Amino acid sequence: MASHTEAGPLAGRGAGPDRSPEPRPGPAGGVPPGAALRRTAVFAALYLAATLAGRMTLIEGTTLSLVWPAAGVSVLWFLAQRRVRRRWPDLAAFAVCTFAANLWTGAPLGLAACFAAANLAQVGAFLILFGRLSPESWAAEGLGELVRVRQLWRLLQAAAGATLCGAAVVSAGMWLIGAHVSWLGTWVWIARNIVSIVLIGGVGLRLAALFRVHPLRPGPGSAWSAARDALRTAPRWRKAEYAALVLASATAYVVAFGLNHGLPLAFPLLVVTVWAGLRFNTTFVVLHDLLVGATAILFTLYGHGPFATIGSPPVRAFVAQAFVAMVAVVGLALALGRDERDALLRRLAAAEESASAQAGLLATIVDAMHDGLVVIDSAGRFLMRNRAAAGLLDDLGPPDVPVPVHAPAPGTAGVDVGHFGLFHPDGTPMDEAELPYRQALAGREIRAVDLLVRNRAMPEGRMFSVSATRLPIGTGVEGEAAVVVVFHDVTAERRDRDELAAFAGVVAHDLRNPLSAVDGWIDVLDETAETVPGSAPDMAVESIARIRHASARMRNLINDLLTHSVSRAAALSPVPVDLGEAVREVIATRGGDDAAAGREQRPRPRFHVGDLPRVEADPVLLRQLLDNLIGNATKYVAPGAVPEITVTAGPAEEEGWVRVEVSDRGIGIPPGQHEAVFENFHRAHHTAGYTGSGLGLAICKRIVERHGGTIGARDNPGGGTRFHFTLPAAP
């Protein structure tokens, strides 16, 4: 296709908002109108200069320009203005410049109009394709970004699609006005515009990103001062390498294109491009590609070099453009690929350094723990241990010997029950399958389980509290599962606790004796007052009732204290228990209370019991837990209201656990006290006339936590409270 002035593409994304491939970042019209108009004037001047420069490269005997820098300038123009709300000034200026330049260089009126339409279509298609193919570059500040190889390929694809669109428009227009269409000329037009967009567009994108950080204006932080500082701080060998590349490039291109030796030395010149792409800054590389490409084109234009010997001018132009395109793509691809690799290596190094620092911190923390910590795999091998573990277990060495955090090599002897002397708290020998880490490997969460250690290093025996948690598969040797075990010596604590429990039992027993005497004398006084009419005034009868009530409260308090002590100190003996049967036993036991309620004309409670599963729990403590919750549900109701209690159960969120709910329609818990009610001696309704010691729910919490579960309370929709707790499901 012959052209009088084949200007660069046009009309940006400004062809209409409906053509925007991606939502424009930032507020619409983010560029002030004055700045937008100034930018339009600057780019219009650059575009005209690029058009004239392209017209100076006409191939002899044709009206076809060998290069067309205006294509790249037009792309940068509309990339810079893509966020301007009012685009018609840019469209008008671009169309006028294109039309006028073609007319000024001798194109007929119809052909000038075709070229204007083609350039508008080309730049519009580029912006649409570039926005959709490379949204991260489109969304970047300024003109965009070119920092990844992927973005280079997207730029190349957008340039190819846009130039094909422009070529189709101009070819169709020339056909309509009856002008001759040269298909070889069309391909030259496509090739040179792709090269212009990639090279000049690449230079513009890289320089714009550089100038955003280092502006052109003089002063600290400017591009000139940054370049001067970089040159001053660069090592001598680096400066020498830059100089060597410039000298080698100039020499190679002069030899290949300036000397008429007839040898095909053009494509071996890619060596200097590869050198630049592998070793130098990407912005320098794209400028280098632009200069050497322009050198090759100018030599070819004036009849020098291997391409000048090609007889057909369009073929000569096409081959020259193909060479420049190869130089540009190879150089940019290598440089951007190197940048991505270096960035990835920096991220990997930073991640490795961070991981190493975290590992060192973790190792320090683990080694400084007062609790013993070991990691054991499924074969019983110690994969890791800390100093506290070394001090607590004789087999791991004395505490004054530094012990590495990491374990000995695989194959080291593991947990030997007989060697360590592991027993249940009651002194019963512990089997291999009963070890906490074995139970954790089987999927159970072991929390604060007491374990007795008695061996040659600890002949008197010491009690340890052990917790074990299974780690993900792949932690151990050869991808096996492993368990982290944390333990600490609780011998003194258990001794103090046992002594306190014994003391509480003795005190409670000694307090019950005088209470029994008080109750007996109250009965005698009560019988005397009833059998001898008039022997006691009304005040005396009321005093006897108050004494009886105070004695009952004292007895309940002593019983609650004993229960609280037992719930904390008693050995836990979990076995499979039918939860439904346990609930029915508690309800049946409370039949006496129901009879008393009938005598006192109080409403009898109604119970609703759902399908309840089997759980793994201590039967005595489980019954105490249910009795306390059901007892509270029957007690804390409004006067005259019928107590209504519902007991249900289902799978908990954690696998292998059961969630039990005890719901009532009572007076509920005051706002803000749903957690405080589980504290010792806390009474939510202490002023409402309800009796109690404030230990019932604290006992429930202790029992549930000793089984490894959780307990809580929330309001029941429609009135009342819902207590919920979790227990291990029976196997």
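Colleague: Which residue lies over the face of tryptophan 138, and at what distance from the ring centre?

Modeller: In this predicted model, arginine 82 is the residue over the face of tryptophan 138, and the distance to the ring centre comes out at 5.2 Å.

Colleague: OK, staying with rings, how many aromatic pairs does the count come to?

Modeller: The count comes to 18 aromatic pairs. One of them joins phenylalanine 43 and tryptophan 77, whose ring centres are 6.5 Å apart and whose planes meet at 10°, so this pair is classed as stacked.

Colleague: And which parts does that pair tie together?

Modeller: Phenylalanine 43 belongs to helix α1, residues 33-55, while tryptophan 77 belongs to helix α2, residues 70-80, so the contact links parts that are 34 residues apart in sequence.

Colleague: Are phenylalanine 43 and tryptophan 77 buried or exposed?

Modeller: Both phenylalanine 43 and tryptophan 77 are buried. They also belong to one aromatic cluster, which is formed by Phe43, Tyr47, Trp77, Phe78 and Phe94.

Colleague: What about phenylalanine 280 and phenylalanine 284, how is that pair arranged?

Modeller: Phenylalanine 280 and phenylalanine 284 make a tilted aromatic pair, with 5.6 Å from centre to centre and 45° between the planes.

Colleague: Then is cysteine 97 buried or exposed?

Modeller: Cysteine 97 has 10% relative accessibility and so counts as buried, while cysteine 165 is partly exposed, its relative accessible area being 31%.

Colleague: Now the sheet: in what order do the six strands run?

Modeller: The six strands are arranged as β2-β1-β6-β5-β4-β3 in an open sheet, and their pairing is antiparallel. In general, strands of a sheet pair through backbone hydrogen bonds, in either a parallel or an antiparallel sense.

Colleague: Which strands are at the edges?

Modeller: The edge strands are β2, spanning 382-385, and β3, spanning 422-423, and each of these pairs on one side only.

Colleague: Over how many bridges do β3 and β4 pair?

Modeller: Strand β3 and strand β4, the latter covering residues 446-453, pair in the antiparallel sense over two bridges.

Colleague: And which residue in β4 is the bridge partner of leucine 422?

Modeller: Within β4, valine 453 is the bridge partner of leucine 422.

How values were computed: Residues numbered from 1 in each chain as written. Predicted model: local features only at pLDDT ≥ 70, side-chain atom pairs only at ≥ 80, totals over all residues. Heavy atoms only, no water. Buried < 20%, exposed > 50% of the residue type's maximum accessible area, 1.4 Å probe, protein only. Phe/Tyr/Trp six-rings, centres within 6.5 Å; stacked < 30°, edge-to-face > 60°. Helix = DSSP H or I, 4+ residues; strand = E, 2+ residues; numbered from the N terminus. Lys NZ or Arg CZ within 6 Å of the ring centre and 35° of its normal. Pairing = 2+ DSSP bridges.
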